[in-house]
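Subject: Structure for you to look at

Hello,

Here is the structure I promised. Please open it and keep it in view while you read on.

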Amino acid sequence: MIHLNSLINYINDIVNLTAEEVSILNNFVTERKYLKNQFIIQQGDVCKTESFIVSGCTKTFYSNENGQEHIIMFSIENWWTADIGSFVSQTPADFNVQCLEDTTVIQFHYDTIEVLFEKVPKLERFFRKIIERAFVASQKRLIRNLSLTAKERYLHFKNAYPEIEQRIPQYMIASYLGITKEFFSKMKNSLV
């Protein structure tokens with residue numbers, strides 16, 4: 001697989017895989033390319049894959065009954081994306097994952113991941129570690145949303161994710177921060 005190296009480097013930062021384990025892993029993952037605006041998962045469908053982003057950018061969002069988007073996450077290179085609740089429970093997804101750029105991912109499939117864990121037990125530990133990290137990040141984001149002003153949330157986003165801010169439209173940042181695009185524009189202008 002052409003892009004397996006970025007995934008292996010990422011995994012090896014947490015657990016070290018042998019050459020044999022890498023060979024086994026290679027037989028259980030697929031590489032997929034999505035075009036800008038294509039969906040990896042849509043609300044209501046069952047999430048069958050967890051995706052490691054090799055290149056590109058995605059947004060994870062919920063659409064309410066009025067069609068209004070509520071962005072909960074952006075993902076770029078060396079990040080993961082999925083509706084993890086849907087993936088784990090194999091129930092309809094609450095979230096959409098849409099590509100904001102042409103995006104290449106390496107996907108782990110629900111139907112084969114348990115077999116992969118049996119063949120390469122280190123990967124079960126690896127996935128536990130990344131889920132723990134994601135859970136902690138989610139809790140910290142929740143605390144920021146409850147305790148910081150919109151301006152403080154934006155400044156945190158800008159400092160923590162400067163590479164993302166340059167790649168996505170301003171109205172999407174406003175959605176991620178939980179504010180209107182008009183308020184975001186005024187707030188950003190007041191910072192200049």
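First, a term you will need: two strands pair if DSSP finds at least two bridges between them. Also keep in mind that this is a predicted model.

Now the pairing itself. Strand β4 covers residues 58–63, and strand β5 covers residues 69–75. They pair in the antiparallel sense, over six bridges. Look for F61: it stands opposite I71 in β5. β4 and β5 form a hairpin, with five residues between them. In that turn sits G67, which has a positive phi of about 85°.

Strand β7 (residues 96–99) runs antiparallel to β4, and four bridges join them. Which residue in β7 is the bridge partner of F61? That is N96.

Next, the whole protein. Its secondary structure comes to nine helices and eight strands. The radius of gyration is 18 Å, close to the 16 Å that the globule rule gives for 192 residues, so the protein is as compact as a globular protein of that length. The C-alpha atoms fill a box of roughly 55 × 35 × 30 Å along the principal axes.

What share of the 192 residues is buried? The figure is 42%. Take the contacts with a separation of 6 or more: residues 24 or more positions apart account for 71% of them.

Last, the surface and the charges. The protein exposes about 10,600 Å², and carbon and sulfur atoms supply 53% of that. There are 21 positive and 22 negative charges, and their mean positions are 7 Å apart.

Best wishes

Methods: Residues are numbered from 1 along each chain as its sequence is written. This is a predicted model: local features need pLDDT of at least 70, side-chain atom pairs count only at pLDDT 80 or more; totals for chains, interfaces and linings use all residues. Side-chain values use heavy atoms; hydrogens and water are left out. Helices (H or I, at least four residues) and strands (E, at least two) are DSSP runs, numbered from the N terminus. The radius of gyration is taken over C-alpha atoms; the globule rule is 2.2 Å times the number of residues to the power 0.38. Buried means under 20% relative accessible area, exposed over 50%, partly exposed in between (1.4 Å probe, protein chains only). Contact means heavy atoms within 4.5 Å. Accessible areas come from the Shrake-Rupley method with a 1.4 Å probe; for residues, only the protein chains shown count as cover. Lys and Arg count as positive and Asp and Glu as negative; His and the chain ends are not counted. The place of a charge is taken as NZ of Lys, CZ of Arg, CG of Asp or CD of Glu.
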